[in-house]
Amino acid sequence: MVTASLASRLNAARQRHFVGRANERALFQTAVVANELPFSVLHIFGPGGIGKTTLLGEFTRICEQLQIPAIYLDTRNIEASPEPFLEALRTALNLPPDTAPIAALAARPGRQVLLLDTYENFAPLDNWLREVFLPQLSAETLIVMASRFAPTAAWRSDAGWQALVRALPLRNLRPEESMTYLTSRHVPTEQHHDVLGFTHGHPLALSLVADVFAQQQDLKFHTENVPDVVKTLLERFMQKSPSQAHRTALEICALVRLTTQPLLAYALEIPDAQEMFEWLRELSFIEAGKQGLFPHDLAREALLADLRWRNPEWNDELNGRVRTYYASRLQSAGESEQQRLLTDYIYLHRNSPILKPFFDGSLATWQDSGSLLPDIMRDQDIPALLAMVEKHEGPEAAQYARHWFDSQPHGVTVLRNLEREPVAFMALVMLNEADNAEIQADPATRAAHQYLQTNCPLRPGEGSTVLRFWMDKDNYQGFCAAQGIIGINVIRHYLTTPNLAYTFFACADPDFWSVMFAYADLERIPPSDFTIGEQRFGVYGHNWRNVPPMAWLALLAQRENALLPQIVSQPKPVETLVVLSEPEFGAAVHDALRDLGRPEALRGNALTRSRLVMERGKPNASPNERALTLQTLLKEASELLQAVPRDNKLHRVVYHTYLHPAATQEQAAELLDLPFSTYRRHLKAGVNRVAELLWQWELQGNDSLVKNK
């Protein structure tokens, strides 16, 4: 007996539920069996939920029946640039890593089909595909594109492509096709009339109706004159979810950019979310990508609108859980994982009233940023970067830029287009790496340095940076895709650079940025405005001692629902850091060791608001939680003494005095068989050694204590 594979069972199930599209199927099948292809590109387009992906799946099955090779690529899972696209094609063709996929595809004999789904995500790559990639393929290759949008004007205006492209709009299913689908999904026949009157044959709406019936077999569906079919059906579906946990899982999936099983488990506060994850994956309006699950765009917006209207407090709670999940992984993740986590984190802010214009102009068009590739600065880039500065800020500013390019080239990030040309850049200046003459020569760095010297001088090992230049070639500092990428890179710098004490942000038209920068907790540095040529600039800054990275992320979460600028400028207070001198820090360690066994006494210790405690604990931890964190840190630092032979005797004294104390110090000295004067000398040295270890961590960040272990 031959056991059917899971893939064959999936295909069979999909084929059972596929209905209609007879004309589209006939057009495709006639084309692929013709002696000469009547067209080389079949461009299918239609609104979300109309069934484009389902139709491409049917085309693939037709190819299987005809034994015609078909390669399917979902562009949502591919970065919109040539190298990732070619790598995805190489993988789909099962080619060795060193094989050129275009040549291999072009060399394959006979008829073949390449299907590109969600092609709208490849808008930045459209010119390259049309002018470079496709012309290299054989005349026996049929390319099928499925997009929300009709072919661009470049396809229609090119005399060559006009004859080779066939545009095929998709419409709703006809009534008889809709009824066939409902029957295949076991929706009662007596309900079909009302369902059709409600959905008008919209494929996604029909599938949602079937999902609702699957949840409740005895449902009585009544026609309602509601224009937003998808929203109303999702509300029905939510009401009939198997449990509150299932409903919450769906709400989480709508909130986040991509849903993974670990994220779902964390947000649901359960140890294993496999059952919920599998339930989500089976829903008709949930799609699966390489990195996780995501709902259909119409479904996402309908779910979120309903959640925010119905229960805004619960919406905030779920947002908070997801943010904590991302934040807890940001600092320990590798560079590529950090980029993804930051993208996911920033995605949560896409509807912020203050940031929405920024997203609408840049990050909201996520696919646009796929054509911009961050890179290091190379010598050959410098003339183009200086030309950008001179164009937007004048020749004097270009001289300052030239100096920092030479002095700190590692601080420059260049954004390149698909032709590898620099089209935008950002330049960070590390004040702690510059000498005083360099700093004083530039009005922006001079203003930042003066503020530091007056208000918060750097301690040993601390750093401070100025985002000195940031611009797009055409849009300067205006909203665009490049600014979205610059923003992500700046945030990553904030969150991952050790020992940052203060960061500064120099910008043109500083009054314009006041509301947005206030939202991001950047304050205007007085007096810092300066003029270069005829253009006025200002400097904003953030104190990472007072509001460290995790507390900063928590602050942004608090401000997410701010509606007015005055609300943004007066947010809910966030616990700030206490910055102690080394002698004050040592005295606080001595007091904390004395109170080690009394958490209630530790709450008043200044160390509970020090950097090492605030960064180790969770954002917005309570005083009790910070006291417990301090207690843990003191024990860890004390235990480190035991690992060093020369400090072992100090560990024994600290252990019997504070960690597992004797009744009195005299008894501790007797237990250790030490004269009391020697015991007191060792105790003082042990406390000082614990303070030294913790002070090192206070200055150097979370990793230093771990490394010392």
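The largest nonpolar core of the protein has 75 residues. Leu-264, Leu-280, Phe-285, Tyr-326, Phe-505 and Trp-552 have the most contacts inside this core. A nonpolar core is here a set of buried Ala, Val, Leu, Ile, Met, Phe, Trp, Tyr and Cys residues joined through side-chain atoms within 4.5 Å. Buried stands for under 20% relative accessible area, exposed for over 50%, and partly exposed for the range in between (1.4 Å probe, protein chains only). Helix H25 (residues 481–496) supplies the largest share of the core, nine residues. Another core, of 38 residues, lies apart from it; Leu-385, Phe-405, Val-429 and Cys-456 are among its members. In soluble globular proteins, nonpolar side chains tend to be buried together.

The model is predicted: local features need pLDDT of at least 70, side-chain atom pairs count only at pLDDT 80 or more, and totals for chains, interfaces and linings use all residues. Residues are numbered from 1 along each chain as its sequence is written, and side-chain values use heavy atoms, with hydrogens and water left out.

Leu-264 illustrates the packing of the 75-residue core. Neighbours within four places in sequence aside, Leu-264 is in contact (heavy atoms within 4.5 Å) with Ala-249, Ile-252, Thr-259, Ala-273, Met-276, Phe-277 and Leu-280.

Across the protein, 53% of the 709 residues are buried. The accessible surface comes to about 32300 Å² (Shrake-Rupley method, 1.4 Å probe; for residues, only the protein chains shown count as cover). Carbon and sulfur atoms account for 52% of this surface. Among contacts between residues at least 6 apart in sequence, 70% join residues at least 24 apart.

The secondary structure comprises 36 helices and 15 strands. Both are DSSP runs numbered from the N terminus: helices are H or I, at least four residues, and strands are E, at least two. Two strands pair if DSSP finds at least two bridges between them.

Five strands form an open sheet with parallel pairing, in the order S2-S3-S4-S1-S5. Strands S2 (70–74) and S5 (165–169) stand at the edges. Each has a single partner strand, so one side of each is left without a neighbour in the sheet. The twist averages 15° from one strand to the next. Strands S3 (residues 112–117) and S4 (residues 141–147) run parallel and are joined by five bridges. Within this pair, Leu-116 stands opposite Met-145 in S4.

Two helices lie across strands of this sheet. Helix H3 (residues 52–66) lies across S1 (41–45), S2, S3 and S4, and runs at about 165° to S3. Helix H4 (residues 82–92) lies across S2 and S3, at about 140° to S2. Axes are lines fitted to C-alpha atoms, for helices over the stretch in contact, and angles run from 0 to 180 degrees between N-to-C directions.

Antiparallel pairing occurs around strand S9 (residues 412–416). Four of its five residues are buried, so S9 is largely enclosed by the rest of the structure. Strand S8 (residues 373–376) pairs with S9 over four bridges. Here Asp-375 stands opposite Val-414 in S9. S9 also pairs with strand S10 (residues 422–430), in the antiparallel sense over five bridges. Arg-416 stands opposite Pro-422 in S10. The hairpin of S9 and S10 has five residues between the strands, and Arg-420 takes a positive phi near 70° in this hairpin.

The disulfide count is zero, a disulfide being a pair of cysteine sulfur atoms within 2.5 Å. Cys-63 is buried at 1% relative accessibility. Cys-507 is buried as well, with a relative accessible area of 0%.
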